[in-house]
Amino acid sequence: MTRRLTSALTLLLLSGLACAGPAMDASGVKQPTNWHAIIMFLIFVAMTMGITYWASGRTKSTADFYTAGGGITGFQNGLAIAGDYMSAATLLGLTAMTYTSGYDGYIYMLAFFAGWPIILFLMAERLRNLGRFTFADITSYRLDQGKVRTMAAISSLVVVVFYLIAQMVGAGQLIKLLFGLDYNIAIFVVGILMMVYVTLGGMVATTWVQIIKACMLLFGGTLTLLLAYSQFGFSLTTLLEKAEAVHKLGPKLMAPGSLLADPITALSLGLGLMFGTAGLPHILMRFFTVGNAKEARKSVLYASGFVGFFFNVIFLLGLCAIIIVGQNPEFFEGGVVGGKIIGGGNMVAMHLAKAVGGNMLLGFLAAVAFATILAVVSGLALAGASAISHDIYARVIRKGEATEKEEIRVSRYATIGLGLLAIVLGILFEKMNIAFMVGLAFGVAAAANFPVLILSMYWQGLTTRGALWGGYGGVISAVMFVVLSKSVWVDVLGNKAALFPYTQPALFAMPIAFIFAYVFSKSDTGPRSKLEKEAFEDQYVRAQTGFGASGASH
Amino acid sequence: MSSVIYERMRVNPKFQKLVHERGRFAWTLATIVLVLFYGFFMLVAFKPGLLGQPIAEGSMWAIGYTVELCMFVFFWLLTVVYVRRANGEFDDLTAELIKEAQKERL
């Protein structure tokens, strides 16, 4: 039970936007080719290619490429953020978790949701007012451009690359299951489509791909729920009575189980989810695609509305599946109810779609899952490419002398480079346990990106020296904790016992980053640090009022 | 140049009012969310049995589910409250502040 939960949790970690699945390893069996799904996916690709073509005509400046010229509205951006946040793993993983563990799945969803109000109250406005293309714009605002940007770009790339690998491997496995396509073909399809979207259409195309996918996901999930819930007369009482009668947890179905049995892991996980989200480069980048702080706030309002709604839909889907899928021999290997589910636990949502809506709905949901992976991978690639071209190339190497043309060209090469890297690593890691990579991505985001970012916005005393120590301290300690934990030290490297007892690094690595940043800023009395502290005054007024912030170019 | 304008804004009492009131408002809401959220997690960790109880005799609605559903709705309503006030009252104040700072230049 605990093991299954741990793997479900890891899967869910991915769902901060992701997809992959240790739990999918259950059966690497290739499914028969699913033509409904493939046709619907091709329609999605045709539509998004049309948009990419249109977007490519509008992508001329660096601002267009990185942030869609700041011309995305709050509502559109809210959908795009929700799209980033509700991944294939959210739909498949959380439905599966509710199906096996009941109420625990719902607790998890709240943990995912609660970060958004905090981001709105404390970060959204300042992010928008201070940032332009990347979050390094904010951390290096009044500090040493070269050193701080390099540090921010490195930790961004660490997050992006590990996350990308996890996505690619998850994508390959999921597509093999859903579409009956070969793993390598799936990896190539995802990699190549992503390169086309991003290099040609930049942020405009990436955002619209995300918006379309979010609408499809909301529509598909809600429709499945309406069809399934109608079998219980839309009555939660009827649904729960039947579910508790057949589920192995019985009356404990709606009580907390083993999810948070260990408070330290729970707290570390909660911190990692909440603040890791606030440190993911591709999420932060979304705040620069809107015109001003007003729209940035609206983005979060809509995004959290959609996310909150969808989590509640998913929970009910999981409960419905307990009866509709869990009691139907058609969905079990060998037709034994209670045995192994065909395709593994993550297929529960898909089986439910088939049971209530036939092959059409199944195909639609499968196409949505594929589209989801593509959209998330594209966002990641764009965030990684901007760290390379905007931070490292244009600001550090060329010291701001590069023309827009040159910068865009570099970011296109960077996207292709990241795409190829993702394909190669995706194939290399096929058989590996990649679950730790997500932990690493979130750990580094929470322990390296977030502390320096929040301190640079809130604390006048932060100096270059403090930011560098805090940032590198966060990256290194998060990586070390993950490497020494069970998921790498034992599961990947094959050692006997883990040197670090917890799988989640955030609770330990975050304080290290904050303490380093504090101590090394406080003890920094160089002439530069004085100027940096003075420069906070102007930064503070801009952060509060948005005066001087980069506006919309359209 | 813009540094001069920033300086003018900083000394404007309206800026102090904006920063003070919006900051207090944002932190109050954030504290409500954090306290409820981690408080709920403590209940899950230390009093899981309580959350599994029905809200009333014979009801299928468990306390945990009901409380959590309310938290989903309540947290979202808090974002509505914040966005309305920040995009209305506070942004109007910001616009005045910027206008005054720019006017002084002439």
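This talk goes through a few local features of a predicted model, ending with two annotated stretches of chain B.

Some ground rules come before the features. Residues are numbered from 1 along each chain as its sequence is written, while chains are lettered from A and ligands numbered from 1 in the order in which they are written. Because the model is predicted, local features need pLDDT of at least 70 and side-chain atom pairs count only at pLDDT 80 or more, whereas totals for chains, interfaces and linings use all residues; side-chain values use heavy atoms, with hydrogens and water left out.

I start with a pair of helices in chain A. Two packed helices are described by the angle between their axes and the distance between the axes. Helix α11, residues 263–277 of chain A, and helix α19, residues 506–522 of chain A, have axes that come within 8 Å and cross at roughly 60°. That angle makes α11(A) oblique to α19(A). On the α11(A) side, the contact is made by A:Ile264, A:Leu267, A:Ser268, A:Leu271, A:Gly272 and A:Phe275. On the α19(A) side, A:Ala506, A:Leu507, A:Phe508 and A:Met510 take part. By class, this contact has 8 nonpolar residues, 2 polar ones and no charged ones.

The terms used there are as follows. Helices are DSSP runs of H or I with at least four residues, strands are runs of E with at least two, and both are numbered from the N terminus. Axes are lines fitted to C-alpha atoms, for helices over the stretch in contact, and angles run from 0 to 180 degrees between N-to-C directions. Under 35 degrees is roughly parallel, over 145 roughly antiparallel, 65 to 115 roughly perpendicular, and the rest oblique. Contact means heavy atoms within 4.5 Å. Ala, Val, Leu, Ile, Met, Phe, Trp, Tyr, Cys and Pro count as nonpolar, Asp, Glu, Lys and Arg as charged, and the others, Gly among them, as polar.

Next, helix α15 of chain A, residues 404–428, which holds A:Ser411. Is A:Ser411 buried or exposed? A:Ser411 is buried, at a relative accessible area of 0% (buried is under 20%, exposed over 50%, partly exposed in between, with a 1.4 Å probe and protein chains only). Its side chain reaches the backbone oxygen of A:Ile408 at 2.9 Å. Leaving out residues up to four places away in sequence, A:Ser411 touches A:Phe65, A:Tyr66, A:Ala385 and A:Ser389.

A:Gly419 also lies in α15 of chain A, and A:Gly419 is buried, with a relative accessible area of 0%. Its C-alpha atom is separated by 5.5 Å from that of A:Gly191, 228 residues apart along the chain.

Now two residues in loops. A:Ala68 is in the loop between α3 (62–67) and α4 (74–85) of chain A; this residue is not a glycine, yet its phi is positive, about 55°. A:Phe234, in the loop between α9 (183–230) and α10 (236–246) of chain A, has a positive phi near 55°. How do they sit? A:Ala68 counts as buried at 5% relative accessibility, and A:Phe234 is partly exposed at 46%.

Last, chain B. An unreviewed UniProt entry lists residues 25–46 and 58–83 of chain B as "transmembrane region"; positions follow the numbering used here, feature names are shortened, and annotations may be inferred rather than shown by experiment. Residues 25–46 of chain B are 100% helix and 0% strand, with end C-alpha atoms 31 Å apart. Residues 58–83 of chain B are 81% helix and 0% strand, with end C-alpha atoms 40 Å apart.

Key. A polar contact is a pair of N or O atoms within 3.5 Å; within protein, one must be able to donate a hydrogen and the other to accept it, and residues adjacent in sequence count only if both atoms are side-chain atoms.
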